Amino acid sequence: MGYKQIVNDIISLKIQGAENVAKEAVKSLVCVVDESKAKTSKDLLKELHAAKDELFATRPTEPCMRNALEYIFAHLPKHKESDIVRTLIERVNGVLKDFADSNKKIIEFGANKIKNGMVIYTHCHSSTVVKILLEAKRQGKRFEVHNTETRPLFQGRKTATELAAAGIPVTLYVDSAMRLALRKADLALIGADAVSTEGKVINKIGSELAAQICTNFDVPFYCCTNSWKFDPKTLFGFDEKIEMRHRKEVWDKPSKGIGINNYAFESVDSVLITGIISELGIYKSSVFIEELRRAYPWMFN
Ligand code: RUB
């Protein structure tokens, strides 16, 4: 797949979910190098920086992608082309390895939360949550999943399809039946697109509603995420931007005079979050931020 194809697939959500977006974005830099006709190292760097800006703009609520790209660009040499390419590839592989290592731990910690006989609720499609559920199944645990379809683009169907293919009993609900989907749940696991310095988690629209319903029914509500989703700009008073997608995704040809809001994400208040399941362990939001500061000091600089 070429660079432009990856960009288009991220925009159209063919590639979706924070971690998949970040992985494909960093890999697309290697495509930029492969496809480049630049004659000088300066021109190559210019192309790479233009790609970075274009990738940033594809999905505005994706600090995992931004952190990964910033990390790669932070130490790119400025002169010899072979040095630039070598460092770029080393860093891309480094990011992918870090994601893979983190995943192993998140999957282990998350699967430990799942017990025989549980009903587990999830929303949208988080590759992290799906992997936790698959691992619990692999360990021989018997449980079922209730999930919501996630209008307007129905990522919930993707989740349900992947779980059913793995032999996990799964029941899909329309979004407005979220309360019913959660009434019999023992545990809610959702993903994360961003984590703010106040310990808020930004995830698919509907996530805070789910968290509020969990509070009513006393269902533990966990967000499953790697640490790269922390957004450092929230340290300095900038709010995480919530992506507003095209109205046509909601209603192709509405009658004249109808306004449509198509927010892709919303912020879940930290008081509603039982814990954040990350590679660092399972912590309340505020403790997670402290642990993060210890493990990834560069994110705070
Ligand atoms: C996907 C979504 C996912 C998070 C986490 O939204 O909200 O829960 O991105 O995913 P969209 P992961 O479909 O709009 O990208 O755990 O795979 O990083």
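This is a predicted model: local features need pLDDT of at least 70, side-chain atom pairs count only at pLDDT 80 or more; totals for chains, interfaces and linings use all residues.
Visitor: How is the protein divided into domains?
Guide: There is a domain 1 (3-104) and a domain 2 (105-300), with bounds that come from an automatic or database domain assignment.

Visitor: How far apart are their C-alpha centres, and how many residues are in contact?
Guide: The C-alpha centres of domain 1 and domain 2 are 25 Å apart. In domain 1, 26 residues are in contact with 33 residues of domain 2, where contact means heavy atoms within 4.5 Å.

Visitor: How many cavities of 30 Å³ or more does the structure hold?
Guide: The structure holds two. On a 1 Å grid over the protein atoms alone, a cavity is a set of points where a 1.4 Å probe fits but cannot get out, and lining residues have an atom within 4 Å of a point. Grid points are joined across faces, edges and corners, and a volume is the space filled by probe spheres set on the points.

Visitor: What is the volume of the largest cavity, and which residues are closest to its centre?
Guide: The largest cavity contains about 190 Å³ of space. It is lined by 22 residues, and Gln16, Gly17, Ala18, His125 and Asp193 are the closest to its centre.

Visitor: Which elements and domains supply that lining?
Guide: At least two residues each come from α2 (18-35), α6 (127-138) and β6 (201-204). Helix α2 gives the most, with three residues. Each of domain 1 and domain 2 contributes at least three residues to the lining of the largest cavity. Helices (H or I, at least four residues) and strands (E, at least two) are DSSP runs, numbered from the N terminus.

Visitor: What about the second largest cavity?
Guide: The second largest cavity holds about 60 Å³ of space. Its lining has 13 residues, with Arg151, Pro152, Leu153, Gln155 and Lys204 nearest the centre. That lining comprises six nonpolar, three polar and four charged residues.

Visitor: What kind of peptide bond joins Arg151 and Pro152?
Guide: Arg151 and Pro152 are joined by a cis peptide bond, with omega about 0°. Pro152 is in the loop between β2 (143-148) and α7 (155-165). Thr150 is also placed in the loop between β2 and α7, and its phi is positive, near 70°. Most residues other than glycine have a negative phi, and most peptide bonds are trans.

Visitor: Is Thr150 buried or exposed?
Guide: Thr150 is buried, at 1% relative accessibility. Buried means under 20% relative accessible area, exposed over 50%, and partly exposed in between (1.4 Å probe, protein chains only).

Visitor: And Asp218: buried or exposed?
Guide: Asp218 is exposed, at a relative accessible area of 70%. This residue lies in the loop between α9 (207-217) and β7 (221-224), and its phi is positive, about 60°.

Visitor: Switching to helices, which residues of α10 are buried?
Guide: In α10 (residues 285-295), Ser285, Phe288, Ile289, Glu291 and Leu292 are buried. They are on the same side of α10 because they cover an arc of only 165° around the axis, the arc being that of the directions from the helix axis to the C-beta atoms. Ser286 and Arg294, on the other side of α10, are exposed.

Visitor: What covers the buried residues of α10?
Guide: The cover includes β5 (194-195), β9 (275-278) and β10 (281-283).

Visitor: Finally, where does Leu76 lie, and which residues does it touch?
Guide: Leu76 lies in the loop between α4 (63-74) and α5 (81-112) and is buried, with a relative accessible area of 7%. Not counting residues up to four places away in sequence, Leu76 touches Leu45, Leu48, Ile84, Thr87 and Leu88. The C-alpha atoms of Leu76 and Leu88 are separated by 6.7 Å, and the two residues are 12 apart along the chain.

Terms used. Residues are numbered from 1 along each chain as its sequence is written. Side-chain values use heavy atoms; hydrogens and water are left out. On a 1 Å grid over the protein atoms alone, a cavity is a set of points where a 1.4 Å probe fits but cannot get out, and a pocket is an open set with protein on both sides within 12 Å along at least five of seven lines; lining residues have an atom within 4 Å of a point. Ala, Val, Leu, Ile, Met, Phe, Trp, Tyr, Cys and Pro count as nonpolar, Asp, Glu, Lys and Arg as charged, and the others, Gly among them, as polar.
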